[in-house]
Amino acid sequence: MKPELDFTLFKPKGCLADEVQALWTAKASLDNIKPVHRWLNCDACSGIVFHFNGEIRLNKTVFTPGVLLLPVSKQAQCIALSPGAKLMGIRFHPAVSFALLGALYQQPTYLTFNCEDSMIVDLYELYERLAKRVGQYAQIAALYRWLLKIIESKHVLPDPLKHALKAIDKNVALGMLAQYVPLSLRQTERQFQKWMSMTPKYYQRILRVNKTMHYLKNTSSASLAHVAMDQGFTDQAHMTREFTQIANVTPREYCKRARLAG
């Protein structure tokens, strides 16, 4: 029996690893009776989707084939793939999509052809090449080669932003960022708004929720009250509010979902 969803994830190494989280392909079986639903975790990142066949639904919006530019993820959302839907994509690290595309999007946006924009022309040509490739690994190889060419030609992130992201990843308090970044906190906030459409504080909140989700997924008998304190939340109620806003699920519901997923 065919799986309802054939999903392949490739995590680059070497020179692409700092800019690209993953390349992926997804194909919903034609034998499915109804759409396949999956949750997309919030990660403060964005990406590009190359949609070849069928329909996909993000929350309540339906998308047909084309090149889809995704907004920075600020809240988890549900994606539904119709039977036979086929797509692949790129998931960047924080702020990288703005560096490459020169714009941030507030909602999933179809790429509109513009012959005067070399990046847009390049993406359209890439979409056509990928659509002709037979097999997911051939598609991933073609996408990998394109990314090598694009990223090697650009100085991707400004150093102050890069240092700020690394410091927050290491749980440095926002008030201490000036020790790691040659900018004031207000200047750092402007950098985050320009490149990621969020504040450093919101980025920190996303990281804390994601780290807690990872902990809960791998710890079956943890007390939620103790987890909340260990992970830096004020109390369990604070953790629940943060999960609800960012992960779109309560910690208790997430634990049940993780157990069902095995």
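Trainee: Which residues lie nearest the centre of the second largest pocket, and how many line it?

Mentor: Rolling a probe the size of a water molecule over the atoms shows where empty space is left. Here twelve residues line the second largest pocket, and Leu216, Thr219, Ser220, Cys255 and Arg259 lie nearest its centre. A pocket is an open set of points on a 1 Å grid over the protein atoms alone, with protein on both sides within 12 Å along at least five of seven lines; lining residues have an atom within 4 Å of a point. The model is predicted: local features need pLDDT of at least 70, side-chain atom pairs count only at pLDDT 80 or more, and totals for chains, interfaces and linings use all residues. Residues are numbered from 1 along each chain as its sequence is written, and side-chain values use heavy atoms, without hydrogens and water.

Trainee: What volume does the second largest pocket have, and which elements give two or more residues to its lining?

Mentor: Its volume (the space filled by probe spheres set on grid points, joined across faces, edges and corners) is about 210 Å³. The elements are α6 (200-217) and α9 (251-260), with α9 supplying the largest share, five residues. Helices are DSSP runs of H or I, at least four residues, and strands runs of E, at least two, numbered from the N terminus. The lining has five nonpolar, three polar and four charged residues. Ala, Val, Leu, Ile, Met, Phe, Trp, Tyr, Cys and Pro count as nonpolar, Asp, Glu, Lys and Arg as charged, the others as polar.

Trainee: How many cavities of 30 Å³ or more does a search of the whole structure find?

Mentor: A cavity is a set of points where a 1.4 Å probe fits but cannot get out. The search finds one of 30 Å³ or more, and the largest cavity holds about 40 Å³ of space. Its lining includes Ser46, Pro71, Ser97 and Tyr105, and divides into seven nonpolar, two polar and no charged residues.

Trainee: At what angle do α8 and α9 pack?

Mentor: Two packed helices are described by the angle between their axes and the distance between the axes. Helix α8 (residues 236-247) packs on α9 at about 65 degrees, with the axes 9 Å apart. Axes are lines fitted to C-alpha atoms over the stretch in contact, and angles run from 0 to 180 degrees between N-to-C directions. The two helices are therefore roughly perpendicular (65 to 115 degrees). Gln236, Met239, Thr240 and Phe243 of α8 meet Pro251, Arg252 and Tyr254 of α9 (contact means heavy atoms within 4.5 Å). These contact residues divide into four nonpolar, two polar and one charged.

Conventions. Angles under 35 degrees count as roughly parallel, over 145 as roughly antiparallel, 65 to 115 as roughly perpendicular and the rest as oblique.
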